[in-house]
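Here are my notes on this one, written as numbered points. Keep the viewer open as you read and look up each residue when it comes up.

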2 protein chains.
Amino acid sequence: MTEEEQIKADEQYMRRALAEAGLAMAAGEIPVGAVVVCRGRIVSRAHNLTETLCDVTAHAEMQAITAAANTLGGKYLTDCTLYVTVEPCAMCAGAIGWAQVSRVVYGASDEKRGYTLLAPRALHPKCSVTGGVLAEECARLMKEFFAARR
Amino acid sequence: MTEEEQIKADEQYMRRALAEAGLAMAAGEIPVGAVVVCRGRIVSRAHNLTETLCDVTAHAEMQAITAAANTLGGKYLTDCTLYVTVEPCAMCAGAIGWAQVSRVVYGASDEKRGYTLLAPRALHPKCSVTGGVLAEECARLMKEFFAARR
């Protein structure tokens, strides 16, 4: 895949993650969505459900990792890319590390709770990370959600 | 509660966490157990199930947090103490932080994957932490597990 094709593919998958974030928004949840892609195929998609499930661990990434392992029949996601609309937190970065996800692509940065601040070494050392994909659209959903709550 | 009573109570609850770790061991899982205590009452107990569930997120602490929220009917565990036989990893520390657990008591340290190394700022700033409770017993289970696998 050329670099240009990779950028195009990343944006395409991030749009799927954004669609998941939209579902979270519609359900009154903080709008974060995620998809896991394995060799060109979406193997899981999920959105934040912490309120619905009354469970702080129900972040989009956590559910996407659990579901991807279920689809693939193994708990390691070594050939997978996780797309998520907002930078993972320490918890999710830890899970991404345990799952040995090979690549993480995120949209908006999270300057307060992002893993780069709170858990910079939680990801697997071999994991490659791309941030800022469709960052404005991803951040806009978050801003809209919190503006509506004020 | 006097300091002496607190130490006695901590050891008593850690023995319950150790019993959970024993169940994990018996199931061929890395032997880690956890209990959540709210105002003198055990509101959840869990042990590591990553192999059984084929899910890297199924650490004892994660399940104990989810179950405690379910028991208490709210996702914040602000009046709770989480007892766990081994120092939490970055993922679990992140979850403990999100759940606003007020106190964490752990047994053995985890020098490779513990949160103090990988995610020192993941816990809630107000969370108080006590390490080293029944540390030798907690560590012995882990050593036995890994020795049997070699």
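**Notes on the model**

1. Start with A:Glu61, which lies in helix H2 of chain A. Helices here (H or I, at least four residues) and strands (E, at least two) are DSSP runs, numbered from the N terminus. Keep in mind that this is a predicted model, where local features need pLDDT of at least 70 and side-chain atom pairs count only at pLDDT 80 or more, while totals for chains, interfaces and linings use all residues. Residues are numbered from 1 along each chain as its sequence is written, chains are lettered from A and ligands numbered from 1 in the order in which they are written, and side-chain values use heavy atoms, with hydrogens and water left out.

2. UniProt positions follow the numbering used here, feature names are shortened, and annotations may be inferred rather than shown by experiment. With 4% relative accessibility, A:Glu61 counts as buried; buried means under 20% relative accessible area, exposed over 50%, and partly exposed in between (1.4 Å probe, protein chains only). Not counting residues up to four places away in sequence, A:Glu61 touches several residues, among them A:Pro88, A:Cys89 and A:Cys92. Contact means heavy atoms within 4.5 Å.

3. Which residues does the "binding site" annotation cover? The unreviewed UniProt entry lists A:His59, A:Cys89 and A:Cys92. They are spread over 34 residues of sequence, yet they cluster in space, with a largest C-alpha distance of 9.3 Å. A:His59, A:Cys89 and A:Cys92 also belong to the lining of the largest pocket. For the pocket search, a 1 Å grid is laid over the protein atoms alone: a cavity is a set of points where a 1.4 Å probe fits but cannot get out, a pocket is an open set with protein on both sides within 12 Å along at least five of seven lines, and lining residues have an atom within 4 Å of a point.

4. Is A:His59 buried or exposed? A:His59 is buried, at a relative accessible area of 15%. Look for A:His59 in the loop between strand S2 (41-47) and helix H2 (60-72) of chain A. Leaving out residues up to four places away in sequence, the contacts of A:His59 include A:Cys89, A:Cys92 and, from the other chain letter, B:Trp98.

5. A:Cys92 sits in helix H3 (residues 90-98) of chain A. Its relative accessibility is 0%, so A:Cys92 counts as buried. Beyond its neighbours within four places in sequence, A:Cys92 is in contact with A:His59, A:Glu61 and A:Met62.

6. Now the sheet of chain A. Five strands form an open sheet in the order S2-S1-S3-S4-S5, with mixed pairing. Two strands pair if DSSP finds at least two bridges between them. S2 and strand S5 (128-130) of chain A stand at the edges with a single partner strand each, so one side of each has no neighbour in the sheet. From one strand to the next, the twist averages 15°. Axes are lines fitted to C-alpha atoms, for helices over the stretch in contact, and angles run from 0 to 180 degrees between N-to-C directions.

7. Strand S1 (residues 33-38) of chain A runs antiparallel to S2(A), and six bridges join them. One bridge pair to find is A:Val35 with A:Arg45 in S2(A). Helix H5 (residues 135-149) of chain A packs on the sheet, touching strand S3 (80-86) and strand S4 (103-108) of chain A, and its direction makes about 60° with that of S4(A).

8. Over in chain B, helix H3 (residues 90-98) is mostly covered, with eight of its nine residues buried. The cover includes H2 and H3 of chain A, along with helix H2 (60-72), strand S3 (80-86), strand S4 (103-108) and helix H4 (115-118) of chain B. Just after H3(B), B:Gln100 takes a positive phi of about 55°.

9. Seven of the seven residues of S3(B) are buried, so the strand is largely enclosed by the rest of the structure. S3(B) and S4(B) run parallel, joined by five bridges, and B:Thr81 has B:Arg103 in S4(B) as its bridge partner.
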